[in-house]
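I opened this notebook to record what I looked up about charged side chains. The sequence and the model come before the entries.

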Amino acid sequence: MDKHGKRQGDVAVMQEWLLGTMNLAAIEEHLAFTIAKTKKPAYDSFLIAIRKLRSKHLGKIVSNTEGENWCVAKHLLLASKHFEETAVKLAEKPAQKKQALELWRDSHELLEAFWVLQEMSKKERKKKTKKVK
């Protein structure tokens, strides 16, 4: 068990689910760019289908939807994914390995920020439940 009382297997499953959802958001972005570059509306339905799938899975992972936190969560994940992809490209160049490591750390910090944001809503719910009792 980890410090949050979850079994390690549960954490691994959630992490994979989160990474899959991050990739759906990245696909969504790439499809939007493809539509803009090709000016082909045929990609619209594909984009909409990916967006629905991403929203479905993000909705199962994001617990803090207070205010703008749904969008904050999505953008934390996207920023993390972009930093990770950039780090991989930089790591191939010996002169930029240090910058790649920094981006990997920043990517990880953004994922941690995502989880902190989700925990904030759990703490608020616990406070409200205690007040009601």
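Entry 1, basis. I worked from a predicted model, in which local features need pLDDT of at least 70, side-chain atom pairs count only at pLDDT 80 or more, and totals for chains, interfaces and linings use all residues. Residues are numbered from 1 along each chain as its sequence is written, and side-chain values use heavy atoms, with hydrogens and water left out.

I found four salt bridges in the structure; the term denotes a side-chain nitrogen of Lys or Arg within 4 Å of a carboxyl oxygen of Asp or Glu.

Helices are DSSP runs (H or I, at least four residues), numbered from the N terminus. Both Arg54 and Glu28 are buried, where buried means under 20% relative accessible area, exposed over 50% and partly exposed in between (1.4 Å probe, protein chains only). I also recorded a network of salt bridges that links Glu28, Arg51 and Arg54.

I looked up two partners: Glu84, at 3.9 Å from N to O, and Glu85, with the closest N and O atoms 3.8 Å apart. Lys81 and Glu84 are separated by about one helical turn, because they lie three residues apart in helix H3 (residues 69-91). Lys81 counts as buried because its relative accessibility is 9%, whereas Glu85 counts as partly exposed at 29%.

Methods
Helix = DSSP H or I, 4+ residues; strand = E, 2+ residues; numbered from the N terminus.
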